[in-house]
Each structure stands twice: as C-alpha cells, then as structure tokens.
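I am opening a notebook on this structure and will write down what I look up, entry by entry.

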Amino acid sequence: MAEKAAQHGARILTERSVLSFEKIGDKISRVKTTQGDFEAEQILLAAGAWSTPIAKELDVELLMQPAKGYSITLKNPSALPSRYLFLGKSKVAVTPMGAHLRYAGTLELAGYDLSINQRRLSALRKAGETYLHKIDGEAEPEIWAGLRSVSPDGLPYIGRSARVRNLVIATGHAMLGVGMGPFTGQLAADVLQGENPSFDLIPFNPERFVR
Ligand SMILES: Cc1cc2nc3c(=O)[nH]c(=O)nc-3n(C[C@H](O)[C@H](O)[C@H](O)COP(=O)(O)OP(=O)(O)OC[C@H]3O[C@@H](n4cnc5c(N)ncnc54)[C@H](O)[C@@H]3O)c2cc1C
C-alpha cells in the first residue's frame, strides 16, 4: 500500500511522532514532530487510539477508550482450517494466514499499556482449542497486543472538526479498522477535497459528543 501511495505522489515520513501544534485563529499553522516541523493546508488526524491525546493538544475532545486486543500466530500449525472462523461465544477470530494460523480477540481496558497479560493470552488460546482441538505450531508463536480505538457509540469518527477548520479526523474503528480503512480513506479524501462524500457523514461527526 505504501508503494502504491508513493506511486500516486505521496511522501511517507516514518519514525517521527507528532508532539504538538501551532495555531493561527481556528486553523493549524504548524505541526511539530520529533523530527522537525511541518506546514500544510489541511491535516488529517488518523492516529488510532492515540488520536485522543493528539486532539487534546488542539482542544478537541475526542471521546475514545483504547481497547487492548491480543493476537497469537501459530507458525506452520499441525492443522489449518480452510476458512476464517469467528467463535461467537468466546468472541475469538481464527484466521488462516497462508501457512499460519492466527487467534485474535479479547478486549481489555487498560489505557495505553501495551504489556501482555498471560492470563488473557492463555484464555485466547484455550478458546481456540475448545472448538478446534489442540493445534500446535512448528515454532514459538508470534504474540502481540494492539490498541483498538473505541468510541462510546461504537461508530467511527470521520469528518471535519468544527473547532479547528483545517483538521479532518478519521479514527474510532474499534474491531473493524482494517476492513473499514479503505472506505474511511475514500470518505476522508472527499472531505479534504471539499467534495460531497458518497454517504451522509452526520452519524460519524467527530464532535458529536461535545456539548
Ligand atoms: C488483536 C487485534 C485484532 C484485530 N483484527 C482485526 C480484523 O481482523 N479486522 C479488522 O478490520 N480490524 C481488526 N482489528 C482492528 C484494527 O487493527 C484497528 O481498527 C485498526 O488498526 C485501526 O486503524 P487506524 O489506522 O485507525 O489506527 P492504528 O492501526 O492504531 O494506527 C495508528 C497509527 O498512528 C501512529 N501514531 C500514534 N501516535 C502518533 C503520534 N503522536 N505521531 C505520529 N504517529 C502516531 C501509531 O504508531 C500507528 O501507526 C484488530 C485489532 C486488534 C488489536
């Protein structure tokens, strides 16, 4: 995706964090990062769960909770389901990924702490084994935890800020951000270009909870 974006003229700058902003009136005039400052006519805030503290720098209140999820990928497992499964009772997703098998799930409200809770990890593995019997991987499984960005009503935040005129927000996709990303990308591009989005963005108003 990064290569495709570059082919379309995007310049991707990695390894730098947004620290703060400078504003003139109700517009951002400068974005300050760990590697220099940037100026832009329009700014898209799409930093997942971290969008809330970044928006706070701009006095924009983005109500969200970081919701930690865990992923275990078994390498070359002893058995591999032929399709994706969702274990409804335990809410665990089981995904064959090429030769590997991934279990993903759980929702832990622990702020921005990304440490691994072994109890949750074994519950995830056990849920898979209850339905699929014991499946062993060839080597040590790959384990990671990530933060989902969860809004109070479960809907994402997509649209222009009313408080900061050159700020567009695209976040809050909770469990479905990978799947919804392309649609949100298109909608955010429409808003940035001043075009009518292909559907009504009112339910996704980023400031819908601000009084
Ligand atoms: C275990 C697990 C399994 C999941 N499985 C699925 C699935 O099967 N299907 C699905 O659709 N979704 C799934 N999700 C949800 C999905 O991962 C998220 O909804 C999605 O990643 C949100 O995308 P995003 O780009 O908004 O945020 P993120 O992917 O969180 O990206 C935010 C980015 O902003 C960067 N950032 C943060 N702060 C700063 C800063 N100050 N300056 C610069 N950059 C910053 C971060 O480094 C990060 O790269 C899963 C989530 C988890 C945790």
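I looked up the domain assignment first, and for the protein chain of this predicted model it gives domain 1, made of 2-64 + 152-204, and domain 2, made of 65-150. I then took the centres of domain 1 and domain 2 over C-alpha atoms and found that 29 Å separate them. Turning to the contact, I noted that nine residues come from domain 1 and seven residues from domain 2. On the side of domain 1 that touches domain 2, I listed four nonpolar residues, five polar ones and no charged ones.

Next I went to the ligand, and I found 23 residues surrounding it, the closest being G48, G69, G146, G177 and V178. I sorted this shell by class and recorded 13 nonpolar, nine polar and one charged residues. I also checked where the shell comes from, and both domain 1 and domain 2 contribute at least three residues each. Among the elements, β5 (65-74), β9 (142-150) and α4 (177-192) each supply at least two residues of that shell.

My last entry concerns an open sheet of three strands, which I traced in the order β4-β11-β10 and which shows mixed pairing. I marked β4 (43-45) and β10 (157-160) as the edge strands, since each pairs on one side only, and I noted a twist that averages 20° from one strand to the next. Looking at β4 and β11 (residues 167-171), I found them paired in the parallel sense over three bridges, and for L45 I wrote down I169 as the bridge partner in β11.

Key: Residues numbered from 1 in each chain as written. Predicted model: local features only at pLDDT ≥ 70, side-chain atom pairs only at ≥ 80, totals over all residues. Near = placed C-beta within 6 Å. Helix = DSSP H or I, 4+ residues; strand = E, 2+ residues; numbered from the N terminus. Nonpolar A, V, L, I, M, F, W, Y, C, P; charged D, E, K, R; others polar. Domains from an automatic or database assignment. Contact = placed C-beta atoms within 7 Å. Pairing = 2+ DSSP bridges. Axes fitted to C-alpha atoms, helices over the stretch in contact; angles between N-to-C directions.
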